[in-house]
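My notebook is open, and I am about to look through a structure one item at a time. Here it is, so that you can follow along.

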There are 2 protein chains.
Amino acid sequence: MTGKYEVIIIGAGISGIKTAIDLYRGGVNNILILEARNCIGGRLKSVKSENFPHVTYDLGASWFHDALANPLFDKARELGNIDYYFDDGELVYFDKDDKTVPSWKFEHITDEIICYISLSYLKDPNKPDISLKQICQEYYEKKHDLIDPDRWGKAIATIRIFGELWHGESWDNLSAKFVFDEDGHLGRNVLVKSGYSKVIQNEMNELPDKFETTNIKLNTSVKCIDYSNDIINIHTGNDSFSCDYVVLTLPRSLYSIDDPNDPSYIKWVPELPGDFKKLSHYFEAGSLGKVVFEFSECFWSETVDRFYALSKQEPKNPNDPQPWDYPTILINYQANSGVPALVALTQNPLSSTIENFDPKTKNERIWQLFQPVIAQISNAKVPPQPINILHTSWNNDIWARGAYCTSKVGCPDSETLTNLFAKGLSNKIRFAGSETVDGSANGCAHGGWFSGQREAKYILDDIAKKL
Amino acid sequence: MTGKYEVIIIGAGISGIKTAIDLYRGGVNNILILEARNCIGGRLKSVKSENFPHVTYDLGASWFHDALANPLFDKARELGNIDYYFDDGELVYFDKDDKTVPSWKFEHITDEIICYISLSYLKDPNKPDISLKQICQEYYEKKHDLIDPDRWGKAIATIRIFGELWHGESWDNLSAKFVFDEDGHLGRNVLVKSGYSKVIQNEMNELPDKFETTNIKLNTSVKCIDYSNDIINIHTGNDSFSCDYVVLTLPRSLYSIDDPNDPSYIKWVPELPGDFKKLSHYFEAGSLGKVVFEFSECFWSETVDRFYALSKQEPKNPNDPQPWDYPTILINYQANSGVPALVALTQNPLSSTIENFDPKTKNERIWQLFQPVIAQISNAKVPPQPINILHTSWNNDIWARGAYCTSKVGCPDSETLTNLFAKGLSNKIRFAGSETVDGSANGCAHGGWFSGQREAKYILDDIAKKL
């Protein structure tokens with residue numbers, strides 16, 4: 001199979017679909033989307049509960065972030081066909097010792113640490129980047145005489161929870177310089193109860209009915225992109241396609257793969273420019289993971305939206321994680337959906353360790369890890385066993401290689417990385433994806449949507465110039 | 001009396017004193033400070049409790065703000081002779097209906113309103129400035145279907161408390177555009193238990209012992225500044241002085257006085273430039289006031305540092321304020337100093353109304369206002385009468401005319417106002433004062449200190465240029 005298209009889009013996630021929508025609207029309809037997976041949506045991945053009809057868990061993005069500036073949320077409100085829920089009501093912090101930790105016990109210290117970090121790099125832009133953990137220690141060395149030890153312990157536990165469970169990465173690896181850089185959320189967070197697959201469906205509805213079958217080719221991974229000529233040639237395993245423009249919407253992590261034997265490897269002709277090589281280490285993703293626990297009944301508060309489990313200890317051996325080694329956030333589906341389920345957020349290396357547990361004993365090991373944590377929010381003396389456990393596998397997913405971008409020690413600022421892609425290789429070779437937009441939408445579903453909008457506009461403008 | 005000085009500093013507050021210190025260090029010792037009051041310190045004004053020995057209340061500045069970037073706090077730590085206290089431990093929000101309002105009931109809405117405000121003016125820089133109250137209403141009109149009414153009520157009550165009790169001004173008058181503009185505090189707040197007069201004393205100790213008697217002239221208000229010649233002439237009631245440089249450190253509000261019969265009026269020869277006239281309306285200060293209540297025993301929590309009283313009603317008649325008309329913050333001196341006293345923060349117009357209560361019934365009226373509020377934090381059924389009430393009088397203070405700068409509807413951005421002064425009238429006529437520095441130190445004691453440092457350096461550099 002071959003074919004000549006005006007635009008080929010690689011990836012049928014929200015970025016690629018939005019690119020197609022806007023191109024189509026702009027009069028460009030000779031479009032092909034190549035998708036390596038067997039379904040559209042990319043890292044927007046909803047699964048229906050087998051135990052609770054009408055309940056959907058999102059294994060990828062789960063929230064409309066930036067509720068004041070999120071076109072996907074605005075559209076959901078307008079269409080009225082998406083169930084959503086502001087899960088920012090009552091929240092409870094707790095740790096191994098206390099079933100509730102009032103926020104005054106840490107919040108001013110937490111705020112001051114975050115301020116200390118940003119002041120440090122403002123005052124001395126040449127200060128070497130260190131890990132989030134190291135800079136907390138640096139602050140402590142300077143200020144410990146001013147801080148109550150109990151409040152200090154709780155403050156760094158919250159620093160860790162905020163850093164690790166936004167970036168999906170251990171504070172040992174997170175860049176002190178940039179970890180809280182994009183922290184200015186534009187409004188509240190809204191849980192997408194319907195599941196993001198319905199959001200994707202709303203987008204698809206903006207394309208012609210037949211588009212999905214005629215213009216999207218599933219199970220088709222790109223092996224080679226030859227842009228040595230004016231017409232771009234794209235080779236998949238069996239087929240070749242050519243086009244005037246290509247928009248790549250891959251997760252950024254995939255651009256760092258340089259092993260030709262890797263199934264996700266893409267050969268570029270000519271090679272990607274030096275900047276890509278130089279920075280490719282920082283394309284690697286963190287991994288915000290999720291573990292869904294379904295129970296036969298609710299034995300915790302029915303009204304608390306989220307439980308924040310603070311960790312005061314650190315993993316001795318990442319391959320053999322112990323309860324309380326990592327902070328977690330438990331999302332209460334009893335509160336948001338009326339079913340006895342909790343969704344725990346995890347970070348690397350835990351997310352990866354869980355994915356790689358021996359399948360035979362996996363559920364048992366997961367429950368061993370979380371049982372003592374869930375016991376702290378339990379009204380029952382011993383929490384009953386879950387009836388079902390699900391977990392994400394973003395690290396082992398060869399088309400994702402992690403959940404989304406993170407900020408590791410030594411990384412350049414987010415703008416440098418996003419611009420590398422946003423500027424494109426040329427006016428023909430374009431990049432979209434949530435990791436190609438800077439600011440608060442970086443790494444979010446609506447960021448992907450913005451990037452599709454941006455690239456479609458770029459191409460339409462470029463075509464118009466030539467007329 | 002006459003005299004010729006190298007530098008005359010007008011005002012012996014922290015800005016003027018710091019200017020003198022740095023000039024002195026730089027070799028300029030022919031300095032005179034003219035001070036209208038009968039004491040040094042300006043709006044740093046500590047009073048000793050008559051009931052509780054060793055307890056001092058600050059009627060002006062009370063905290064080292066910006067603990068991570070405050071040279072006065074650093075010096076206090078170094079010298080070890082200032083008692084200080086981080087009063088950011090347990091805090092309790094409450095209102096007329098509830099003795100405690102958990103922060104989750106408002107904080108995400110509060111944050112979103114603040115975000116909405118900044119986004120509004122970012123998206124449309126030409127959007128007219130409106131009051132803080134109006135923009136809250138605007139937000140509500142757009143978002144009310146997304147917000148639980150109870151949380152909404154509490155959120156605007158907190159918006160009001162944060163805005164009004166930082167700026168000392170009613171949300172009816174506060175500029176939506178700028179009210180939360182300078183909100184990036186650089187670290188925690190530290191209560192100066194010793195009283196700021198001790199901080200002033202530490203500064204004075206950096207000058208020669210005799211400086212206070214020989215170089216500071218108290219009870220001397222400036223009537224006229226003639227800068228029509230190279231040598232500047234300064235006329236007080238009875239005397240004339242001349243100098244090469246003058247540094248004015250007056251509260252900004254005083255520069256707006258244009259009535260020659262006003263005791264604080266200063267005649268400028270030639271007149272102040274047009275920019276000063278044009279903007280003088282915005283020099284007017286807000287008035288963060290304080291009311292000190294001393295009791296014979298503590299009938300409230302001994303450990304809570306601050307109680308935040310949210311108001312859900314608005315004053316019908318500012319001249320006849322009713323309990324709960326205004327939000328207030330109660331600072332718990334039982335927690336910070338071990339004495340049964342509470343200090344309530346007030347804002348205009350309440351601060352002014354209190355100052356103008358008939359002296360005969362003043363204490364009774366003040367207690368009528370605060371008794372129901374204090375009853376909400378009381379363990380006693382009926383709170384016992386205070387044994388003493390003190391209050392600030394910054395509005396009626398002719399050398400202050402309010403507490404410190406505020407941001408009223410229609411005002412220019414803080415930088416425009418501070419720069420107007422910071423750039424000086426010429427290299428001879430300089431301005432210092434906490435209201436001439438931008439950023440988080442604006443309006444704070446350490447802001448005054450920074451401004452003194454800045455102006456001394458300016459003059460020393462200017463002198464060096466001529467050598």
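**Entry: a strand residue.** In which strand of chain B does B:Ala309 lie? I found B:Ala309 in β16, residues 306-309 of chain B; helices (H or I, at least four residues) and strands (E, at least two) are DSSP runs, numbered from the N terminus.

Before going on, I noted the ground rules. This is a predicted model, in which local features need pLDDT of at least 70, side-chain atom pairs count only at pLDDT 80 or more, and totals for chains, interfaces and linings use all residues. Residues are numbered from 1 along each chain as its sequence is written, chains are lettered from A and ligands numbered from 1 in the order in which they are written, and side-chain values use heavy atoms, with hydrogens and water left out.

Back to B:Ala309: with 1% relative accessibility, this residue counts as buried. I use buried for under 20% relative accessible area, exposed for over 50%, and partly exposed for in between (1.4 Å probe, protein chains only). I then listed the contacts of B:Ala309, leaving aside neighbours within four places in sequence: B:Phe94, B:Ile161, B:Trp324, B:Pro327, B:Thr328 and B:Val373. Contact means heavy atoms within 4.5 Å. I also looked up B:Tyr93, which is 216 residues from B:Ala309 along the chain, with 6.1 Å between the two C-alpha atoms.

**Entry: a loop histidine.** Next I went to B:His65, in the loop between β5 (63-64) and α2 (71-79) of chain B. Is B:His65 buried or exposed? Its relative accessible area is 13%, so B:His65 is buried. Not counting residues up to four places away in sequence, B:His65 touches B:Asn70, B:Trp166, B:Arg188, B:Asn189, B:Cys444 and B:His446. From B:His65 to B:Leu186 I get 7.7 Å, C-alpha to C-alpha, across 121 residues of sequence.

**Entry: a loop aspartate.** I looked up A:Asp145 too, in the loop between α4 (132-143) and α5 (149-167) of chain A. A:Asp145 counts as exposed, because its relative accessibility is 51%. A:Asp461 is 316 residues from A:Asp145 in sequence, and their C-alpha atoms are 60 Å apart.

Entry: A:Cys243 is in none, and the nearest cysteine sulfur, that of A:Cys224, is 12 Å away. A:Cys243 is buried, since its relative accessible area is 0%.

**Entry: helix α12.** As a reminder to myself, an α-helix has 3.6 residues a turn, so residues three or four places apart point the same way. After α12(A) comes A:Gly424, with a positive phi near 75°.

**Entry: chain A as a whole.** I count 13 helices and 21 strands in chain A. The radius of gyration of chain A is 23 Å, close to the 23 Å that the globule rule gives for 467 residues, so chain A is as compact as a globular protein of that length. That radius is taken over C-alpha atoms, and the rule is 2.2 Å times the number of residues to the power 0.38. Of the 467 residues, 60% count as buried. Among contacts in chain A with a separation of 6 or more, 74% come from residues 24 or more positions apart.

**Entry: the two copies.** I laid chain A on chain B by a turn of 180° and a shift of 0.0 Å along the axis, with an RMSD of 0.0 Å. The two copies are thus related as by a two-fold rotation axis. In chain A, the C-alpha nearest the axis is that of A:Ser103, 4.4 Å from it. The superposition is by least squares on the C-alpha atoms of residues with pLDDT of at least 70 in both.

**Entry: the interface.** How much area is buried between chain A and chain B? I have about 2600 Å², of which carbon and sulfur atoms give 59%. Buried area here is the accessible area (1.4 Å probe) that two parts lose on being put together, summed over both. A:Leu68, A:Leu146 and A:Arg188 supply 27% of the area that chain A buries against chain B, more than any other three residues.

How values were computed. Disulfide = S-S within 2.5 Å.
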